[in-house]
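The following note sets out numbered points for a reader who meets this structure for the first time. Please keep the sequence and the model in view while reading.

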Amino acid sequence: MARSKSSAGWLKEHFDDPYVLKAKQEGWRSRAVYKLQEIDEKDKLFKPSMCVVDLGAAPGGWSQWTAHKTGSAGEVFALDLLPVEPFAGVTFIQGDFQDEAVYNQLLSALDGREVDVVMSDMAPNMSGNKGVDIPRAMYLVELSVELADQVLKRNGDLLMKVFQGEGYDQLLLTLKDKYQKVITRKPKASRPRSKEIYLLARGKK
């Protein structure tokens, strides 16, 4: 079957993407690592020996960067629907974060540990229909906020991919109530046409 023009265009954009080429050269699992790297370098997210939860982890770029920054004494707990090839310092759980059994599996793996950072690069499969996509994306964000409520230590940080639209203003109010500071980031590696931004909620109250 012939590829559609849109999928062929996406492939060309992907393989011509300087961040894709850079990730291959430097041995990172995905171009997304440069989004987290920029935020980390600007906001000093990670320190050695931290415990971090990575939601929407596949193919593992964010976990890879985090394990590199938190060192041998650090722990990363990663979760995704898709399989992730394991590597040192990361405990991986495969499953749907929206499934209560999978959510509880993550809590069991944490085994009462206090988490320093919860981060989420999760996004639903986009249909192109804002009326469907934004609520789906917001639901994933709300689940991430709930997890952070449960496992994040006092003064811990929450980093999430979000899409501006219905529910965004209420989300900001919720985060400002729970955290000392909320920062918006749009990393250079985030494609300009993408509506995604990252919210960093710092200092859980």
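This is a predicted model: local features need pLDDT of at least 70, side-chain atom pairs count only at pLDDT 80 or more; totals for chains, interfaces and linings use all residues.

1. Helices α5 and α6 are roughly parallel to each other, because their angle falls in the class under 35 degrees. (In this scheme, angles over 145 degrees count as roughly antiparallel, 65 to 115 as roughly perpendicular, and the rest as oblique.) The axes of α5 and α6 (residues 130-151) come within 12 Å and cross at roughly 30°. Axes here are lines fitted to C-alpha atoms, for helices over the stretch in contact, and angles run from 0 to 180 degrees between N-to-C directions. The crossing of this pair, α5 and α6, is right-handed; that word applies if the near helix is turned clockwise from the far one by less than a right angle, and left-handed if anticlockwise.

2. Which residues bring α5 and α6 together? Tyr103, Leu106, Leu107 and Leu110 of α5 meet Leu143, Glu146, Leu147, Gln150 and Val151 of α6, where contact means heavy atoms within 4.5 Å. By class, the residues of this contact are 7 nonpolar, 1 polar and 1 charged. Ala, Val, Leu, Ile, Met, Phe, Trp, Tyr, Cys and Pro count as nonpolar, Asp, Glu, Lys and Arg as charged, and the others, Gly among them, as polar.

3. Residues are numbered from 1 along each chain as its sequence is written, and side-chain values use heavy atoms, with hydrogens and water left out.

4. The protein chain contains 7 helices and 7 strands. Helices (H or I, at least four residues) and strands (E, at least two) are DSSP runs, numbered from the N terminus. Along the sequence, the pattern is α-α-α-β-α-β-β-α-β-α-β-α-β-β. Of the 205 residues in the protein chain, 48% are buried; buried means under 20% relative accessible area, exposed over 50%, and partly exposed in between (1.4 Å probe, protein chains only). Among contacts between residues at least 6 apart in sequence, 64% join residues at least 24 apart.

5. The 7 strands form an open sheet in the order β3-β2-β1-β4-β5-β7-β6, with mixed pairing. Its edge strands, β3 (90-94) and β6 (179-185), each pair on one side only. From one strand to the next, the twist averages 15°. Two strands are taken to pair if DSSP finds at least two bridges between them. Strands of a sheet pair through backbone hydrogen bonds, either parallel or antiparallel.

6. Strand β2 (residues 75-80) pairs with β3 in the parallel sense over 5 bridges, and Val76 stands opposite Val90 in β3. Helix α5 (residues 100-110) packs on the sheet, touching β1 (51-55), β2, β3 and β4, and its direction makes about 170° with that of β2. Strands β1 and β2 run parallel and are joined by 5 bridges; Leu55 stands opposite Leu79 in β2.

7. Are the residues of β1 buried or exposed? Strand β1 is mostly covered, with 5 of its 5 residues buried. Cys51, Val53 and Leu55 point one way from β1, and Val52 and Asp54 point the other way.

8. The axes of α3 (residues 33-43) and α4 (residues 61-70) come within 8 Å and cross at roughly 40°; α3 and α4 are therefore oblique to each other. The contact involves Val33, Leu36, Gln37, Asp40 and Glu41 of α3 with Gly61, Trp62, Trp65, Thr66 and Lys69 of α4. These residues divide into 4 nonpolar, 3 polar and 3 charged.

9. Helix α4 is largely enclosed by the rest of the structure, because 8 of its 10 residues are buried. Among them are Trp62, Trp65 and Ala67. Just after α4, Gly71 takes a positive phi of about 75°.

10. Glu38 lies in helix α3 and counts as buried because its relative accessibility is 19%. Lys186, in the loop between β6 and β7, counts as partly exposed at 38% relative accessibility. Glu38 touches Lys186, Pro187, Lys188 and Ala189, not counting residues up to four places away in sequence. Lys186 and Glu38 are 148 residues apart in sequence and 9.5 Å apart in space, C-alpha to C-alpha.
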